Amino acid sequence: MRTIAIANQKGGCGKTTTSVNLATAFAMRGNQVLLVDLDPQAHATLGLGYRPDSLDKTIYDALTNAQISMARVILSTAVKGLNLAPSNILLSGVEFELVMLHGREYVLRQQLDNISSNYDICIVDCSPSLSLLTLNALTASTDVIIPVQTQYYALEGLRQLLETTEIVKDRFNKNLEILGVLLTFVESRTTLSKQVQRQLREFFGGLIFDTVIHRTVRLAEAPSAGESVLTYSPTCRGAAEYKALADEINNGRASGSQSINSKAFAKEMSDGKT
Ligand SMILES: Nc1ncnc2c1ncn2[C@@H]1O[C@H](COP(=O)(O)OP(=O)(O)O)[C@@H](O)[C@H]1O
Ligand SMILES: [Mg+2]
């Protein structure tokens, strides 16, 4: 099972939108997919049509009680092949419950290991923080995708995220690779968006996905219908772009193959060269 964390501690950069729509695109291509909602805000859970406060069991139970297996938490969805490990607000307490636990960074990984033969791909929607939850996501993952809103200050906060990724690689998960940086909220008509895109591409080089996600009203509307944009509005630009992203990943964007040296990058950022 390939496990892809969608991470950026910045809120509103398109993590959940990417998680839900990429997971759906993979499922529609015939994969068995597990989407793990690792955010107490439960936007991915809502976005797939479940009411977080009405759930009997959530990912919180699997993370805080070793007797409860992931299998008991996972729900099917309206999309064939797409399954969801849902979240709700209880997950916000998980940090306190795990803080004394030896091996607290590995809890998600252990749970996912037990079910990994049932799925081809697991997508983990992270919360907007570099918390223990995000650490668990990165420790459990083979890849990380970083969505970045295409605007000025886009690079802000990235140094911290890349440093965290590096620490996780060193200490908890040597297999972790940055699969790519995904440009979101792109506005092709504005010069500003073009300038920022150029700047980001100069900076990250081949690490940026060829596929970009444009600002599309349908992408913002779909969650209120409790579904992905691929089912809500199959012919819209957002649907096409998330399908293209799944293809780009499938077509051998080998994990880490074009990776920047994130240590050097982090240093460069901290030296203020940006
Ligand atoms: N490409 C896009 N075009 C228009 N709206 C978007 C796009 N991507 C995300 N949104 C909307 O922007 C808001 C933040 O996106 P979201 O995916 O929830 O970010 P995050 O999970 O990083 O906080 C949501 O209301 C979402 O529907
Ligand atoms: Mg989110």
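Predicted model: local features only at pLDDT ≥ 70, side-chain atom pairs only at ≥ 80, totals over all residues.

Residues are numbered from 1 along each chain as its sequence is written, chains are lettered from A and ligands numbered from 1 in the order in which they are written, and side-chain values use heavy atoms, with hydrogens and water left out.

**Stop 1: the ligand**

Select ligand 1 and show what lies around it. You'll find 14 residues there, the closest being Gly12, Lys15, Thr16, Thr17 and Thr216 (a residue counts if one of its heavy atoms lies within 4 Å). By class, that shell holds five nonpolar, seven polar and two charged residues (Ala, Val, Leu, Ile, Met, Phe, Trp, Tyr, Cys and Pro are nonpolar, Asp, Glu, Lys and Arg charged, and the others, Gly among them, polar).

Now colour helix 1 (15-28) and helix 9 (217-221): each supplies at least two residues of the shell. Helix 1 gives the most, with three. Helices here are DSSP runs of H or I with at least four residues, strands are E runs of at least two, and both are numbered from the N terminus.

Which atoms does the ligand meet? One of its oxygen atoms is 2.9 Å from an N or O atom in the side chain of Thr16, and an oxygen atom is 3.1 Å from a polar backbone atom of Gly14. Over at His214, a polar backbone atom lies 3.0 Å from a nitrogen atom of ligand 1.

**Stop 2: Ser141**

Jump to the loop between helix 6 (132-140) and strand 6 (143-149), where you'll find Ser141. Is Ser141 buried or exposed? It counts as buried because its relative accessibility is 2% (buried is under 20%, exposed over 50%, partly exposed in between, with a 1.4 Å probe and protein chains only). Its side chain reaches the backbone oxygen of Ala137 at 2.7 Å.

**Stop 3: two positive phi values**

Most residues other than glycine have a negative phi. Select Tyr153, in the loop between strand 6 and helix 7 (158-171): its phi is near 70°, a positive value. Tyr153 is exposed, at 62% relative accessible area.

Finish at Phe185, in the loop between strand 7 (177-184) and helix 8 (191-204). Phi of Phe185 is positive too, near 55°, and at 27% relative accessibility Phe185 counts as partly exposed.

Key. Polar contact = N/O pair within 3.5 Å; in protein donor to acceptor, adjacent residues only side chain to side chain.
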